[in-house]
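These are my notebook entries on a structure that is new to me. I set down what I looked up, entry by entry.

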There are 2 protein chains.
Amino acid sequence: METATETPWLTAAEQQIWRSFLGGTIVLNDRLDRDLRTAHGLSMPEYEILVRLSEAPDRSIRMAELAAAVSHSRSRVTHTIARLEREGLVFRGQCSEDGRGVSAVMTDKGFARLEEAAHTHVRGVHSYLVDNASPEEFAVLGQIMQRVITQLGGQC
Amino acid sequence: METATETPWLTAAEQQIWRSFLGGTIVLNDRLDRDLRTAHGLSMPEYEILVRLSEAPDRSIRMAELAAAVSHSRSRVTHTIARLEREGLVFRGQCSEDGRGVSAVMTDKGFARLEEAAHTHVRGVHSYLVDNASPEEFAVLGQIMQRVITQLGGQC
């Protein structure tokens with residue numbers, strides 16, 4: 001008799017890869033986060049938000065769009081923006097275009113802080129991740145993760 | 001004149017892959033976490049800790065070793081274990097062997113909860129990650145992340 005479940009248990013090899021993935025992403029994010037905090041007083045989520053703002057027209061993004069862009073919850077982004085605002089790196093204001101919704105806007109001080117922090121962050125990404133893969137391997141990593149986003153992105 | 005910095009800026013393609021990696025790991029972990037919470041009242045970090053305990057001799061691991069095994073900070077593991085203890089899934093006690101340090105021990109109730117939750121979790125890992133890669137691609141993912149752990153693991 002087989003059990004009713006059809007759970008596709010992982011093979012030992014798959015389990016090992018899954019654990020490497022979990023453990024690797026944790027130590028990578030912890031290290032990038034620690035490097036940014038130590039050198040620039042920014043967390044990784046704060047850094048990511050500053051990057052998105054720096055690339056937006058008028059360095060301004062609606063709060064709801066910002067949450068979607070960095071794949072964080074709305075409440076988490078609100079909390080992060082509040083902290084960046086206290087440091088004078090962003091401010092919140094009404095959208096000028098249509099008067100609907102609140103936007104986060106990056107200040108000149110925020111842009112300057114990002115420019116400094118980018119050196120630390122990019123050096124870390126290179127040294128801890130890019131340099132640990134051949135260009136072909138790195139491309140495979142991107143393809144897999146892009147498929148994950150395509151599958152799950154719209155459901156979060 | 002070149003600037004003094006030697007920061008190895010990412011190419012557009014590398015930047016895209018890095019963003020897919022960041023975004024993909026976030027939506028994947030969020031979804032696995034949500035599936036476990038909804039169906040079994042467990043978070044991903046709680047699930048990981050139960051897995052490690054289930055595999056240990058006497059289903060018991062010293063708190064310090066547990067933190068290292070799941071790549072979480074000691075304070076975070078203490079907090080997670082306290083919550084699992086309130087639910088009766090683990091308890092904390094002195095190590096019987098040598099009387100040194102405190103261990104987390106999984107209860108039968110904890111083991112039963114893990115057995116149920118494992119179906120949900122493994123189905124998710126398969127559907128959201130393994131099935132998004134060929135076996136060769138999945139192996140590449142594991143190799144890259146294992147190198148990251150080897151490089152950074154001892155420093156966190």
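**Entry 1**

I worked from a predicted model. I looked up the second largest pocket and found a volume of about 580 Å³. I noted that 30 residues line this pocket, and that A:Y47, A:V51, A:E55, B:Q15 and B:R19 are the closest to its centre. I then listed the elements that give two or more residues to the lining: α2 (44-55), α5 (108-128) and α6 (135-152) of chain A, together with α1 of chain B. Which element gives the largest share of the lining? I recorded α1(B), with nine residues. By residue class, I found 15 nonpolar, 10 polar and five charged residues in the lining of this pocket.

**Entry 2: aromatic pairs**

I searched over all chains and found two aromatic pairs. I placed both residues in helix α1 (residues 12-40) of chain A, three residues apart, about one turn of the helix. Are A:W18 and A:F21 buried or exposed? I found both A:W18 and A:F21 buried.

I next recorded B:W18 and B:F21 as a stacked pair, with 5.8 Å from centre to centre and 20° between the planes. About one helical turn separates B:W18 from B:F21, because they are three residues apart in helix α1 (residues 12-40) of chain B. I noted that B:W18 and B:F21 are both buried.

**Entry 3: arginine over a ring**

I found A:R59 over the face of A:F111, 3.7 Å from the ring centre.

How values were computed:
Residues are numbered from 1 along each chain as its sequence is written. Chains are lettered from A and ligands numbered from 1 in the order in which they are written. This is a predicted model: local features need pLDDT of at least 70, side-chain atom pairs count only at pLDDT 80 or more; totals for chains, interfaces and linings use all residues. Side-chain values use heavy atoms; hydrogens and water are left out. Rings of Phe, Tyr and Trp (its six-membered ring) pair if their centres lie within 6.5 Å; planes under 30 degrees apart count as stacked, over 60 as edge-to-face and the rest as tilted. Helices (H or I, at least four residues) and strands (E, at least two) are DSSP runs, numbered from the N terminus. Buried means under 20% relative accessible area, exposed over 50%, partly exposed in between (1.4 Å probe, protein chains only). A charge sits over a ring if NZ of Lys or CZ of Arg is within 6 Å of the ring centre and within 35 degrees of the ring normal. On a 1 Å grid over the protein atoms alone, a cavity is a set of points where a 1.4 Å probe fits but cannot get out, and a pocket is an open set with protein on both sides within 12 Å along at least five of seven lines; lining residues have an atom within 4 Å of a point. Grid points are joined across faces, edges and corners, and a volume is the space filled by probe spheres set on the points. Ala, Val, Leu, Ile, Met, Phe, Trp, Tyr, Cys and Pro count as nonpolar, Asp, Glu, Lys and Arg as charged, and the others, Gly among them, as polar.
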